[in-house]
Structures are given as C-alpha cells and as structure tokens.
There are 2 protein chains.
Amino acid sequence: MQLEETINAIQLLDEAAMQAARRCQDTLTKPRGSLGRLEELSIQLAGMKADTFPAVERKAVIVMAADHGVAREGVSAYPPEVTAQMVLNFLRGGAAINVLAKQAGARVTIVDIGVAVEFDPLPGLIRRKVMCGTRNQAEGPAMTRAEAQQALQVGVEVLNEEAQRGLDIVATGDMGIGNTTPSSAIAAALTGLPVAQVVGRGTGIDDQSLERKIKVIERSLAVNRPDPNDALDVLHKVGGLEIAGLAGVMIAAASQRIPVVVDGFISTAAAMIAAGLAPRARDYLIAAHQSVEIGHQAMLRHLNLAPLLDLNLRLGEGTGAALAFHLIEASTRILREMATFDEAGVSDKE
Amino acid sequence: MQLEETINAIQLLDEAAMQAARRCQDTLTKPRGSLGRLEELSIQLAGMKADTFPAVERKAVIVMAADHGVAREGVSAYPPEVTAQMVLNFLRGGAAINVLAKQAGARVTIVDIGVAVEFDPLPGLIRRKVMCGTRNQAEGPAMTRAEAQQALQVGVEVLNEEAQRGLDIVATGDMGIGNTTPSSAIAAALTGLPVAQVVGRGTGIDDQSLERKIKVIERSLAVNRPDPNDALDVLHKVGGLEIAGLAGVMIAAASQRIPVVVDGFISTAAAMIAAGLAPRARDYLIAAHQSVEIGHQAMLRHLNLAPLLDLNLRLGEGTGAALAFHLIEASTRILREMATFDEAGVSDKE
C-alpha cells in the first residue's frame with residue numbers, strides 16, 4: 001500500500017541542521033533569543049528541510065472540498081450547495097483564500113475530493129472525487145474504511161504532483177459545509193473530551209442549532225464507537241473526505257521534508273488523523289493560528305503545537321495558514337540576510 | 001508652537017467610512033465576522049484614512065536612535081557604543097529591521113535624534129541630533145522641558161518629510177542602549193503601577209542587574225517626581241530622545257490621517273506620551289505585538305490597544321511593527337479584492 005510506504009519514508013528532523021541554524025542565529029546582530037518564535041521557527045524549518053538555511057519561496061495552498069451527509073441534520077448556518085458554489089468562487093479568484101494566497105505569493109490548488117455536485121472539467125480544478133459526499137455519520141459510518149483510505153491516497157498523490165511543480169512549503173485548506181461537525185467528532189474521539197467542550201458555532205449557528213449539533217455528534221459517536229487508538233477507524237466513521245485528503249497531504253509532505261502549515265479547526269482535525277497514522281509527521285507541522293472554535297485549543301494541545309497567530313479567525317479555506325506564510329518566510333530571511341556581530345563591527349554582550 | 005497646531009489638527013475617525021467598510025465586509029463571500037481581527041482592522045483603517053477602501057501600500061519604518069545617560073548605571077546587557085554601531089548596521093542594511101522591512105515592502109528611515117557619537121554625513125542618515133544623549137535620570141531630569149519639546153518637534157518634522165515622499169502607513173522603531181529603563185519609568189509614572197511590575201530584562205540582563213535596574217528607576221521617579229497628568233513633564237524628566245521623537249511622529253501621523261503601527265515596549269512608551277499630549281492620536285495607533293517585557297501588557301491596557309501578534313519578540317527597531325504590516329495590508333486587500341455573494345452567485349446564510 002502506497003500510504004504505508006509514504007508513512008515509513010518520514011524521517012526524523014535533522015539535528016545537525018538545527019544545531020547549525022541555532023549557532024547561526026546566535027551570531028546575528030540582535031540580543032540572543034530576541035526574535036522569539038521567529039528564531040525557533042527558523043531552527044525547526046532547518047530540521048524539517050535538513051538545510052541550515054531553509055528556503056520557503058515556492059508555496060502552495062491545497063484546498064480540499066467535500067460535502068457531508070451529516071449536513072442534512074441542520075448543523076450549519078449555510079445550505080450544502082454552498083460547497084460547490086465556493087469551489088467555483090475559488091476557481092474565479094474571488095474568495096478570501098485567493099486574496100491572501102496572492103498576497104503571500106502562494107499558488108492555490110483546488111481539489112474536488114467529494115463535492116456532492118458533478119463538475120464539468122474546469123480550468124484549475126483537480127477532479128479526484130472519491131464519492132459525492134459522505135454518508136450521514138449520525139446514522140452510521142461516514143465512509144467505509146476503503147473509501148477513507150482512497151481519500152488519504154488522493155491527498156498523497158495531490159501533494160506529490162504539487163511537489164513535482166516545485167514546492168518548498170505547503171498550507172492546507174478546506175471547504176465543506178457542515179465540516180466542523182466531523183472535525184469536532186474527531187476531536188472528541190481522539191482527545192476523550194466531552195463533545196460539548198469541542199463543539200463551536202462553525203460559520204455562525206444560533207444557540208438552538210448548537211444544542212442540536214452537540215446531540216448529533218454525541219449520536220454519531222454512540223452509533224459508530226470509533227476506536228481512539230486507530231486513527232483510520234476514527235476517520236472513516238466520523239470524518240470527512242476533505243479531512244482525509246488533507247491528512248494524506250500532510251503525511252506525503254512530511255515524507256518529502258516539506259513543512260506543512262496547518263490552518264484552523266478542520267485542518268487540525270486532519271493533522272490529528274495524520275499524526276495518529278504517522279506519528280513522525282507531527283514534526284513537520286506548523287500551527288498557523290488559534291481558531292475561534294472552542295475545541296481547537298484542545299486539539300493543538302493534543303498535538304503539542306503552538307499557534308503562530310490569534311486573530312479570531314473562523315473561516316477555513318487555508319486563510320490563517322496563508323497569513324502565517326509571511327512569518328515563516330520572515331524567520332528564514334532573518335537567518336539568511338542579517339549581518340553577524342563580526343561583519344557589522346557591533347560589540348557583543350559584555 | 002507647531003506641535004500644538006499639529007495636535008489640534010487631529011480629527012476623529014470618519015464614522016461614515018467605517019460604516020461603509022463594515023457594510024462592504026458583510027457582502028463578501030465568507031460568514032460575517034469570520035475574518036475576526038482582519039475585518040475590524042479594515043474598518044478601523046477606513047475610519048483613520050476616511051476612505052472606505054483604505055490603501056496601505058506606501059510604507060515606512062521610522063527608526064529613531066539615541067543614547068541614555070542612565071545607561072552608565074549598568075542597566076543594560078550591552079555597552080552604550082552599540083547604539084552608534086547599530087545605526088551604521090541599519091545604514092548598511094544588516095539589521096533585523098532591514099530584513100523585515102524589505103520583506104514587507106517598506107522603506108526604513110534612520111534618524112539620529114540623540115546618539116552620543118557625532119556621525120559624519122552618511123547616505124541615508126537623517127541627522128537631527130537634539131543633544132548627545134540624555135542626562136542620567138537617576139540624578140535629575142533626563143532632558144529640560146525645552147529639549148523634550150525640540151525632540152517632539154523633530155519627530156513631527158521627520159514624519160512630515162516622509163509624508164511628502166508618499167506615505168500610506170508608518171511604523172515606529174527605536175535604537176538606544178538602555179532605553180527600556182526610561183520606558184519602564186514612563187510606564188510606572190503613567191499607569192501608577194509599582195516599578196517592579198513594569199520592569200523586564202531588556203536585551204537580557206541577569207537577576208542582579210534586574211534588581212539594580214528596578215532601584216535605578218525607583219530612584220529616578222523619587223528624584224524627578226514626574227506629574228502623571230502632564231505627559232511632557234514625564235517625558236522630559238524620565239524619558240528619552242528617541243521616545244520623544246517617536247511620540248512626535250505619532251502625533252504628526254495622526255494629524256494627517258496616517259495610521260501608525262506601534263512596535264513594542266519603547267514605541268508603546270512613546271505612544272503613552274503621544275496619547276497624553278494628544279488624546280485623539282490614540283485612535284490612529286495599531287499595536288503590532290505583545291512584547292516579552294512584562295510592563296508592556298499594562299501599557300497596552302492603559303492605551304486600550306490589543307496587539308496583533310504575540311511572538312515573544314523583544315528586539316525593538318520596529319521589527320514587530322514591520323511584521324504586522326502584512327496583516328494590516330491583508331485586511332485592506334480582503335475589503336478590496338474579494339467577491340460579494342451576489343457577484344459570485346453564492347447562497348447567503350439561511
């Protein structure tokens with residue numbers, strides 16, 4: 001199985017490159033450690049890329065789109081047809097992720113991995129539909145185990161194709177009306193926290209819908225009984241196609257030493273699945289931001305990741321990750337472009 | 001007095017432009033409010049610039065450099081000659097602010113407002129020295145009232161010159177060995193908090209030096225008795241020349257509806273002085289980041305400003321502000337470039 005090979009190909013971070021990057025940071029004309037997270041980031045990137053001076057110039061945001069059978073339970077503020085409508089909006093460049101990726105100098109790759117609508121061939125759309133949306137997880141498994149594996153495989157292949165186009169760093173994005181519901185279900189299943197502690201308002205539902213959403217997820221977990229020690233079991237029973245695809249992207253990126261910028265709530269659910277299937281993949285993940293979704297903090301803690309930004313975002317699409325590119329690139333530019341104390345003739349600490 | 005005219009020229013935020021920007025945000029293809037701080041920022045910028053679609057393309061970081069008589073009390077980890085050495089490093093492009101401003105597409109303007117060393121004319125150096133560093137504030141006023149006014153005036157003039165070159169937004173930066181000491185003194189004087197609660201380790205002093213630094217500031221406040229209701233009194237007695245210059249920059253920028261991105265601890269001390277002298281100037285300030293310096297949080301609270309970033313930075317020079325430019329520009333691009341629900345044919349919330 002290709003996924004297993006990919007998982008086995010993931011290497012540990014390169015300690016020698018990290019040490020060299022740390023030594024370099026300490027020679028630059030600034031008090032040691034004074035650039036805080038940027039210094040740490042540059043050292044992590046050196047370890048990921050096995051390169052003392054890592055480059056993160058060629059950037060892509062991979063947005064996976066899919067529908068969710070559970071949406072018919074009334075868990076979202078938007079109608080399900082918005083998934084397909086937003087795919088068209090992405091392709092025309094009108095969505096938030098288009099604007100923010102353009103600013104960051106990143107390309108946007110849109111993948112239909114499970115939208116309910118059949119699209120005609122469209123310029124820019126990667127058509128890798130596994131099925132026309134998941135089944136209703138409140139009534140049984142969202143996917144079969146084989147379907148979830150197929151969606152993971154799509155993610156691996158999409159990342160590999162992107163890597164062939166030239167890729168230094170990748171960000172993950174999602175589109176799927178209803179997808180905070182499977183993400184919350186994954187969070188509850190893998191952290192063991194009560195459902196109410198990991199469910200938020202998604203695109204903006206009212207109190208009544210929030211109550212319903214919590215009950216739907218509780219029902220889904222009761223009906224499916226996902227095994228927290230088997231990430232694939234969790235994924236196929238209470239996950240989603242775009243979540244599976246993004247987990248595949250993360251695993252494949254890690255196997256190629258390509259850092260992954262994880263967006264918000266949905267992407268972090270995918271990261272939990274990826275880390276469950278391939279624990280070493282976690283080292284290649286950078287958490288872009290702290291989402292408004294209440295479960296997100298617990299998920300990041302579970303992964304032991306600290307978010308770079310906290311801007312009250314709750315949009316998805318990879319928007320937080322696209323914003324974080326700038327900080328990540330800044331960290332590498334500092335390492336490469338600053339003068340040392342010696343070069344600049346600046347006196348060091350007494 | 002020109003400063004007073006400048007203060008009187010500061011207008012309130014433009015409510016009509018803010019309302020129009022808010023209405024526009026609500027038509028864009030995303031759940032309302034889902035871009036959190038970015039949406040709020042775009043609306044604030046619209047109010048500052050009196051423009052529904054504010055542009056923040058032409059950017060400058062103004063770095064004011066000066067020395068501090070109080071440095072001879074052993075309050076810094078670095079020797080005082082580093083101030084002048086870093087000015088030369090800025091001019092050669094080797095410092096962190098050069099790297100981060102370049103990435104942000106911002107020019108860097110270096111001003112000698114009070115470095116102890118006399119510089120020859122150097123390309124790029126704006127020579128506006130008020131005096132060769134302040135006097136030792138632990139023994140008496142750091143400056144006379146007239147010297148502080150002169151330094152404020154330098155800030156006003158430097159901003160006006162920058163505005164003539166074309167300027168949509170400005171960031172403030174500082175260089176001055178010892179300058180967390182006057183900044184902490186300003187923070188203690190204006191917030192009323194005990195000195196120990198607003199003094200940190202600056203460039204990285206040890207426990208013993210921290211004890212000494214606290215005592216030096218306590219002595220400075222006891223000797224000078226700055227009047228918290230008179231910002232100019234606080235500034236000249238326990239401030240610094242670069243802090244005065246940056247306060248002048250902020251006031252002049254506000255008078256021209258140019259948003260000011262306030263860097264970290266030193267710039268925020270300048271912002272407290274600016275807001276003390278010109279309360280309306282506060283509305284034109286954007287707090288770039290939460291510094292490691294423990295007093296910074298109380299200062300931002302005093303100003304009622306919420307930082308955009310929290311990256312454990314403690315470098316100064318305007319580095320945090322340069323990083324924040326990207327988020328600020330993102331907020332305006334969202335407003336201008338995203339498609340509306342109507343344009344994109346996307347169904348709105350049910």
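A salt bridge here is a side-chain nitrogen of Lys or Arg within 4 Å of a carboxyl oxygen of Asp or Glu. By that rule, a search of the whole structure finds 38 salt bridges over all chains. The model shown in every view is predicted.

**Figure 1. A salt bridge in chain B joins B:Asp348 to B:Arg32.**
The side chains meet with N and O 2.8 Å apart. B:Asp348 sits in the segment after α14 (341–344) of chain B, and B:Arg32 sits in the loop between α2 (15–25) and α3 (36–49), so the pair ties together parts that are 316 residues apart in sequence.

**Figure 2. Chain A is assigned two domains.**
Domain 1 covers 3–54 + 334–344. Domain 2 covers 59–328. The centres of the two domains of chain A, taken over C-alpha atoms, are separated by 29 Å. Their contact draws 17 residues from domain 1 of chain A and 23 residues from domain 2 of chain A.

Three residues stand out on the domain 1 side: A:Leu3, A:Ile10 and A:Met48. Together they supply 35% of the area that domain 1 of chain A buries against domain 2 of chain A, more than any other three residues. No salt bridges are found across this interface; the count is zero. Polar contacts are present, with eight residue pairs found (both at pLDDT 80 or more).

**Figure 3. Helices α1 (2–8) and α3 (36–49) of chain A each supply at least two residues of the domain 1 side that touches domain 2.**
α3(A) gives the most, with seven residues. By class, this side of domain 1 of chain A has eleven nonpolar, three polar and three charged residues.

**Figure 4. A rotation of 180° superposes chain A on chain B.**
The shift along the axis is 0.0 Å, and the RMSD is 0.0 Å. That is the relation of a two-fold axis. The same surface serves both copies: 100% of the contact residues of chain A recur in chain B. Which residue of chain A comes closest to the rotation axis? A:Leu309 does, with its C-alpha at 3.2 Å.

**Figure 5. Chain A and chain B bury about 5000 Å² between them.**
Carbon and sulfur atoms give 60% of this area. The contact takes 55 residues from chain A and 55 residues from chain B. In chain A, the residues that lose the most area to chain B are A:Tyr78, A:Gln103 and A:His326. Together they make up 14% of what that side buries.

**Figure 6. Salt bridges and polar contacts both cross the interface of chain A and chain B.**
The salt bridge count between the chains is two. In one of them, A:Lys102 pairs with B:Glu337. The closest N and O atoms of that pair are 3.8 Å apart.

**Figure 7. Five elements of chain A, α3, α4 (82–92), α5 (96–104), α13 (319–337) and α14 (341–344), each supply at least two residues of the side that touches chain B.**
The largest share, nine residues, comes from α13(A). The residues of this side of chain A divide into 27 nonpolar, 15 polar and 13 charged.

Note on methods:
Residues numbered from 1 in each chain as written. Chains lettered and ligands numbered in written order. Predicted model: local features only at pLDDT ≥ 70, side-chain atom pairs only at ≥ 80, totals over all residues. Heavy atoms only, no water. Domains from an automatic or database assignment. Contact = heavy atoms within 4.5 Å. Buried area = accessible area lost by both parts, 1.4 Å probe. Polar contact = N/O pair within 3.5 Å; in protein donor to acceptor, adjacent residues only side chain to side chain. Helix = DSSP H or I, 4+ residues; strand = E, 2+ residues; numbered from the N terminus. Nonpolar A, V, L, I, M, F, W, Y, C, P; charged D, E, K, R; others polar. Least-squares fit on C-alpha atoms with pLDDT ≥ 70 in both.
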